[in-house]
Amino acid sequence: MPTSSYILQRLRKLGLSDAVAAQTATVVKVQSFDAGRKIWVKGSEVGHWQYIISGLVSASISTTNSESTPLSIYGKGAWFGEQSIINRKPSFADYVCLTATEVLTLPAATFDTLFVQEPHFARYVAKLMAWRVQKTSETLTLMKLGNPCLRVVMGLAQFAEALAYKSDRPPTIGFGEGVEIPIAQTTLASLCGVSRTLFSEYVQQLAQQGWLKISYGKLEILNISTWHAFARSQREDSVSHLNASIGELLQVLRGLEPD
């Protein structure tokens, strides 16, 4: 169970003063969910902004064949739900716990008050939303124009960023040598918009070249600084090469390795 000092620390990181953080902490609650539990369902009111203490949450859409297609993943250290609260719109997706998950909950009414009255808090939320809009735009570009190979490689780079940056920081801060994605390949394939078979094919080739480590129910992305450089190069390149082969992308990764 998180301590009061832990909650205060999380609130201060949002730009709140000690006094405001202490006052806000009185309405913050802790909730736990089992794997597979839906925090919100599509079309429902989002009553709280939530922070993941531990676990993974997917924003997913249920399709006509009763399967759930994940759109994005939020990991430990990520806040989520701000879009629906600010727009006063129902949830655009089901928010499903991929693993056992524990969250802090901040009431939507309190979020609205802080957003209006606390400039540093509003700036934090604005930067968070701007980063997520960029990620969404990248994903839409890949899904509409990119070939399956690029979807997988850039998709993995995006997942690594989301988990390493707590889903809320722009890609300007370095991180360590490896990031674990504890999600089944079927789910990752859906996030990349490719079949499980194609995903496995490309992942196996990346693993053979030392860019990934494959374990049961999870992937570990290795040499993370190079993946970070790869994602940055894709964003900064004046011409997008959307039909590259796995061999060409492996060559790009090798070329970005630090000396």
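## How strands pair

Two strands count as paired if DSSP finds at least two bridges between them. Helices (H or I, at least four residues) and strands (E, at least two) are DSSP runs, numbered from the N terminus. With that in hand, welcome to the structure: it is a predicted model, in which local features need pLDDT of at least 70 and side-chain atom pairs count only at pLDDT 80 or more, while totals for chains, interfaces and linings use all residues. Residues are numbered from 1 along each chain as its sequence is written, and side-chain values use heavy atoms, with hydrogens and water left out.

## A sheet of three strands

Let us start with an open sheet whose three strands come in the order β9-β11-β10, paired antiparallel. At its edges are β9 (178-181) and β10 (212-215), each of which pairs on one side only. From one strand to the next, the twist averages 15°.

Look now at β9 and β11 (residues 218-222): they run antiparallel and are joined by four bridges. Within this pair, G178 stands opposite L222 of β11. Helix α6 packs on the sheet and touches β9, β10 and β11. The direction of α6 makes about 100° with that of β9 (axes are lines fitted to C-alpha atoms, for helices over the stretch in contact, and angles run from 0 to 180 degrees between N-to-C directions).

## V153 in helix α6

Helix α6 spans residues 148-164, and V153 is part of it. V153 counts as buried because its relative accessibility is 0% (buried means under 20% relative accessible area, exposed over 50%, partly exposed in between, with a 1.4 Å probe and protein chains only).

Which residues does V153 contact, leaving aside its neighbours within four places in sequence? They are L206, W227, F230, I246 and L249, where contact means heavy atoms within 4.5 Å.

## K144 in helix α5

K144 belongs to helix α5 (residues 119-145). Is K144 buried or exposed? K144 is exposed, as its relative accessible area is 73%. K144 and G193 are 49 residues apart along the chain, and their C-alpha atoms are separated by 10.0 Å.

## The buried side of helix α1

Finally, visit helix α1 (residues 4-12), where I7, L8, R10 and L11 are buried. These residues lie on the same side of α1 because they cover an arc of only 160° around the axis, the arc being that of the directions from the helix axis to the C-beta atoms. Among the elements that cover the buried residues of α1 are α2 (18-25), β3 (48-54) and β8 (101-107).
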